[in-house]
Amino acid sequence: MKKILMILTVAALAALVSCTDKKTAQSVADTDSTNVAGYTASEDDNLDLVSIAGTYEGTFPAADGPGIKTMLTIKADSTYQLEQDYIDKRDGHDEASGVFKVLDGNVLMLVRPSSGEHTFYKVKDANSIVMTDSVGNEPEGETAKFYVLKKKK
């Protein structure tokens, strides 16, 4: 009888914990989408879109090849054009265009209209941007320098 009671107690606790985790994860997801939805490029974001408008280029690392040549054009009207070529890959060309939003004053969230996918870049200065995660954390370590795009002159 004690074994059955113990098994039922463990099962109840496991069910309770799994329900709690799902609610927490859902709450975090709701918070993130609410925060993102509220942001648009505006004067309140402390980022002068005219000064950062231009074409940025660089080569990102690739897990299965020598790299990904990337060209990102940022426009002052909050739109972008992204072209990526996977070096030494047949049919390795990708293009996207859409709108971007400014988060936290200097993080650009590019929205891909076809999939809703988001890509994030932090404006370092008027001549460079760096790919980041969704909260603006920059890559660290030896490879960090490979995630920077430089403004084309």
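Trainee: Which element gives the most to the lining of the second largest pocket, and with how many residues?

Mentor: Strand β3 gives the most to that lining, with 4 residues. The general idea is that rolling a probe the size of a water molecule over the atoms shows where empty space is left. Here a pocket is an open set of points on a 1 Å grid over the protein atoms alone, where a 1.4 Å probe fits and protein lies on both sides within 12 Å along at least five of seven lines, and a lining residue has an atom within 4 Å of a point. Strands (E, at least two residues) and helices (H or I, at least four) are DSSP runs numbered from the N terminus.

Trainee: Before we go on, what kind of model is this, and which residues count for local features?

Mentor: This is a predicted model, in which local features need pLDDT of at least 70 and side-chain atom pairs count only at pLDDT 80 or more, while totals for chains, interfaces and linings use all residues. Residues are numbered from 1 along each chain as its sequence is written, and side-chain values use heavy atoms, with hydrogens and water left out.

Trainee: How should I read the pLDDT, and which elements of the protein have the lowest and the highest mean?

Mentor: The pLDDT is the predictor's confidence in each residue, from 0 to 100. The protein averages 77, and 71% of the residues score at least 70. Among the elements, helix α1 (residues 2–37) has the lowest mean, 37, whereas strand β8 (residues 148–151) has the highest, 97. Over residues 1–44 the pLDDT is below 50, and beyond near neighbours in sequence this stretch has 12 contacts in the model, where a contact means heavy atoms within 4.5 Å. Where pLDDT is low, the predicted coordinates should not be read in detail.

Trainee: In what order do the elements run from the N terminus on?

Mentor: The protein has 2 helices and 8 strands, and the order is α-α-β-β-β-β-β-β-β-β. Of the contacts between residues at least 6 apart in sequence, 34% join residues at least 24 apart.

Trainee: Returning to the second largest pocket, what is its volume, and which residues lie nearest its centre?

Mentor: A volume is the space filled by probe spheres set on the grid points, which are joined across faces, edges and corners; for this pocket it is about 210 Å³. The lining has 16 residues, of which L82, Q84, T119, Y121 and M131 lie nearest the centre. Two or more lining residues come from each of β1 (54–62), β3 (79–86), β4 (93–103) and β6 (118–125). By class, the lining has 11 nonpolar residues (Ala, Val, Leu, Ile, Met, Phe, Trp, Tyr, Cys and Pro), 3 charged ones (Asp, Glu, Lys and Arg) and 2 polar ones (the others, Gly among them).

Trainee: What share of the 153 residues counts as buried?

Mentor: Buried means under 20% relative accessible area, exposed means over 50%, and partly exposed lies in between, with a 1.4 Å probe and protein chains only. By that reading, 28% of the 153 residues are buried.

Trainee: Where is D91, and is it buried or exposed?

Mentor: D91 sits in the loop between β3 and β4 and counts as exposed, at 74% relative accessibility. The phi of D91 is positive, about 60°, although D91 is not a glycine. D104, in the loop between β4 and β5 (107–111), also has a positive phi, about 55°, without being a glycine, and D104 is exposed with a relative accessible area of 57%.

Trainee: Which residues does E117 touch, not counting residues up to four places away in sequence?

Mentor: E117 touches L110, V111 and R112 under that condition. E117 is found in the loop between β5 and β6 and, at 44% relative accessibility, counts as partly exposed.

Trainee: What does P66 contact, leaving aside its neighbours within four places in sequence?

Mentor: P66, which is found in strand β2 (residues 65–74), is in contact with I87 and D88. Its relative accessible area is 53%, so P66 counts as exposed. The C-alpha atoms of P66 and Y86 are separated by 8.0 Å, although these residues are 20 apart along the chain. K69 is also found in β2, and, not counting residues up to four places away in sequence, K69 touches G58, T59, E83, Q84, D85 and I87.
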